[in-house]
Amino acid sequence: LPNGAYRMLMTSNHDENSWNDTAVDRWGPMLDAATVLSFTLPGMPLIYNGQEVAMTQQLEFFEKDAIDWGDDIAGHPASQLYTRLIRLKREHPALRQRPGVRPMFKQPTSADHAVFAFRRQAGRQTVRVAVNCTDRPVEFDFGRGTFEVELEPFGWAMWVDGKRWEAPRP
C-alpha cells in the first residue's frame, strides 16, 4: 500500500461470515475487545452487516438474506458500543490518520505477557487502550506509580485524554 494509505481493520466481512461463521462465534468473549481494537489501532474499521446487533446468523453469500435487526437496535449493547466508537473515531484527533498524528506507541505494562496496551497521540490529546488477551482476569499497572487496572478475561479498557472511557456492557 502507498505511504499514508488506510488499512481496513475488521472483526468480520462477507467471506468470514459466510464461510467461517459469525464474528460472535469466531471471537467469542473477545469480540468487544477486538471491536475496540478495530476502531483504535491505525486504520479504518470495516463494519459488516449486522455487527451492530451482534448478529449470530451466517448470511448466504450468493443469495439475498435478510438480517434480523431486532426490536430495539439503538438499545442493543453492541449498537451502543459501535455508536460510541464511531463518534470517538470521528472526533478524537489521536485516532485520525494524517500527517502529524503518530500512528501508535506500545504502552509497557506490568503484565505484558497477558496485556496488549498502546497509546495514540496528537499533541497533548491521547487515547490509551489495554486488552487482556487471556482467558483469566489480570491486574497490572503502566509503571512509575501509575494507577492499577483490573481486566476481566478478554476484557478491555480505554482512557481518553486521561479519563476512563466507559462504554455500555451487556
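**Close-up views of a predicted model**

The protein comprises four helices and nine strands, where helices (H or I, at least four residues) and strands (E, at least two) are DSSP runs numbered from the N terminus. The model is predicted, so that local features need pLDDT of at least 70 and side-chain atom pairs count only at pLDDT 80 or more, whereas totals for chains, interfaces and linings use all residues. Residues are numbered from 1 along each chain as its sequence is written, and side-chain values use heavy atoms, with hydrogens and water left out.

View 1. Read from the N terminus, the elements run β-α-α-α-β-α-β-β-β-β-β-β-β. Of the 170 residues in the protein, 39% are buried, buried meaning under 20% relative accessible area, exposed over 50% and partly exposed in between (1.4 Å probe, protein chains only). Among contacts with a separation of 6 or more, 56% join residues 24 or more positions apart, a contact being heavy atoms within 4.5 Å.

**View 2. Helix H3.** This helix, residues 31–40, is mostly covered, with nine of its 10 residues buried. The buried residues are Leu31, Ala33, Ala34, Thr35, Val36, Leu37, Ser38, Phe39 and Thr40.

**View 3. The largest nonpolar core.** A nonpolar core is a set of buried Ala, Val, Leu, Ile, Met, Phe, Trp, Tyr and Cys residues joined through side-chain atoms within 4.5 Å. The largest has 21 residues, of which Leu85, Val127, Val129, Val131, Trp156, Met158 and Trp165 touch the most other members. Two or more residues come from each of H3, helix H4 (77–91), strand E4 (115–122), strand E5 (125–132) and strand E8 (156–160). A second, separate core of 12 residues includes Ala114, Ala130, Val149 and Ala157. Apart from neighbours within four places in sequence, valine 127 contacts His92, Ala94, Leu95, Phe118, Arg119, Arg120, Met158, Trp159 and Val160.

**View 4. Tryptophan 156 in strand E8.** Tryptophan 156 lies in strand E8 and, with a relative accessible area of 3%, is buried. Between tryptophan 156 and aspartate 32, which are 124 residues apart in sequence, the C-alpha to C-alpha distance is 8.0 Å.

**View 5. Arginine 120 in strand E4.** Arginine 120, placed in strand E4, is buried yet has no salt bridge, and the nearest side chain of opposite charge, that of aspartate 161, is 12 Å away. Here Lys and Arg count as positive and Asp and Glu as negative, while His and the chain ends are not counted; a salt bridge is a side-chain nitrogen of Lys or Arg within 4 Å of a carboxyl oxygen of Asp or Glu. The side chain of arginine 120 does reach the backbone oxygen of threonine 40, at 2.7 Å.

View 6. Valine 149 in E7 is the bridge partner of phenylalanine 140.

**View 7. Two loop residues with positive phi.** Most residues other than glycine have a negative phi. Aspartate 161, in the loop between E8 and strand E9 (163–165), has a positive phi near 50 degrees and is partly exposed at 37% relative accessibility.

Conventions:
Two strands pair if DSSP finds at least two bridges between them. A polar contact is a pair of N or O atoms within 3.5 Å; within protein, one must be able to donate a hydrogen and the other to accept it, and residues adjacent in sequence count only if both atoms are side-chain atoms.
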